[in-house]
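Subject: Structure for your review

Dear colleague,

Please find below the structure I am handing over to you. My notes on its pockets, its cavity and several loop residues follow it.

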Amino acid sequence: KPPVIYEDENVIVFNKPQGMISICKGDFSTEPAIENWGEIVHRLDRDTSGVIIVAKNFATRGMLQKQFQQRKTHKTYYAIVCGEPAQAHAIINIPLARNLKKPNTFMPDKNGREAITEYQTIETVEKNGKKYSLVELKPRTGRTHQLRIHMNFIKCPILGDPVYNPTGPKADRMYLHAASLEIPIPGKPGENNQRMTFKAELPEQFRDALK
């Protein structure tokens, strides 16, 4: 069972380890998934670590899904990217669509679905003549692979991304971490919904890599 950040009668919030999947592969798969402990309302890629919330009942699942659909949630990620963004702080507004040549991936497409990411460069270091940056990412939309594609679009792909940065420097993981999630959740019986923020500390791998 992954580490629990918060739990009540309606939700469980986990700190998902890198390498764990969000949704079960199938009835005959024995690989553990976040879905084993509740109803999925959003996903994190296998190679992404950090905060993920699941519902304990169908009513809560519907309520939480509505929060995501209506963009009433606020998510913050941290990533180590290859290079240094040209602008220290900017908003990337690039629509995304499925890549028909590789159906499991997505790509920038002016006719695709709206995808908006705000980023802020926190620190840049140099090693062996190459620059690496720690960036804070705040997605305003929730498209599949959005952060990974947007950072690659500005020529700062995420370190260790096996799909969108396959020829980049070797790394022991994809350096993308969901650090916090702010979301309304059901209150106690007779009480209104309560807005809460859940956080997962930056993994030691990030700290070690930055050193």
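The lining of the second largest pocket comprises nine nonpolar, one polar and seven charged residues. Please bear in mind that this is a predicted model. The second largest pocket holds about 380 Å³ of space. Its lining is made up of 17 residues, and those nearest the centre of this pocket are Lys127, Tyr132, Leu159, Lys170 and Ala209. Strands E9 and E10 and helix H3 (204–210) are the elements that give two or more residues to that lining.

The largest pocket has a volume of about 1,600 Å³. In its lining there are 44 residues, with Arg43, Gly142, Arg143, Thr144 and His145 nearest the centre. By class, these residues divide into 16 nonpolar, 14 polar and 14 charged. At least two lining residues of the largest pocket come from each of helix H1 (58–69), strand E5, strand E7 (96–98), strand E10 and helix H2. Strand E5 gives the most, with four residues.

His145, one of the residues nearest the centre of the largest pocket, deserves a separate word. His145 is found in the loop between E10 and helix H2 (146–153). The phi angle of His145 is near 65°, which is a positive value in a residue other than glycine. His145 counts as buried because its relative accessibility is 13%, under the 20% cut-off.

A positive phi is also found at Asn128, where the angle is near 50° and the residue is again other than glycine. Asn128 belongs to the loop between strand E9 (116–127) and strand E10 (130–139). Asn128 has a relative accessibility of 74% and therefore counts as exposed, the cut-off being over 50%.

The largest cavity holds about 30 Å³ of space. The residues that line the largest cavity are His42, Val51, Lys75, Tyr77, Ala178, Ser180 and Leu181. Four of the lining residues are nonpolar, two are polar and one is charged. Strand E5 (74–82) and strand E11 (176–185) each supply at least two residues of this lining, and the largest share, three residues, comes from E11.

Strands E1 and E2 pair in the antiparallel sense over three bridges, and a hairpin joins E1 to E2 through three residues. Within this pairing, Val4 has Phe14 of E2 as a bridge partner. Asn10 is placed in the loop between strand E1 (4–7) and strand E2 (11–16). Is Asn10 buried or exposed? Asn10 is buried, because its relative accessible area of 13% falls under 20%. The side chain of Asn10 makes a polar contact with the side chain of Asn57 at 3.2 Å. Apart from neighbours within four places in sequence, Asn10 is in contact with Val54, Ala55, Lys56, Asn57, Thr60, Pro186 and Gly187.

Yours sincerely

Definitions and conventions
Residues are numbered from 1 along each chain as its sequence is written. This is a predicted model: local features need pLDDT of at least 70, side-chain atom pairs count only at pLDDT 80 or more; totals for chains, interfaces and linings use all residues. Side-chain values use heavy atoms; hydrogens and water are left out. On a 1 Å grid over the protein atoms alone, a cavity is a set of points where a 1.4 Å probe fits but cannot get out, and a pocket is an open set with protein on both sides within 12 Å along at least five of seven lines; lining residues have an atom within 4 Å of a point. Grid points are joined across faces, edges and corners, and a volume is the space filled by probe spheres set on the points. Ala, Val, Leu, Ile, Met, Phe, Trp, Tyr, Cys and Pro count as nonpolar, Asp, Glu, Lys and Arg as charged, and the others, Gly among them, as polar. Buried means under 20% relative accessible area, exposed over 50%, partly exposed in between (1.4 Å probe, protein chains only). A polar contact is a pair of N or O atoms within 3.5 Å; within protein, one must be able to donate a hydrogen and the other to accept it, and residues adjacent in sequence count only if both atoms are side-chain atoms. Contact means heavy atoms within 4.5 Å. Two strands pair if DSSP finds at least two bridges between them.
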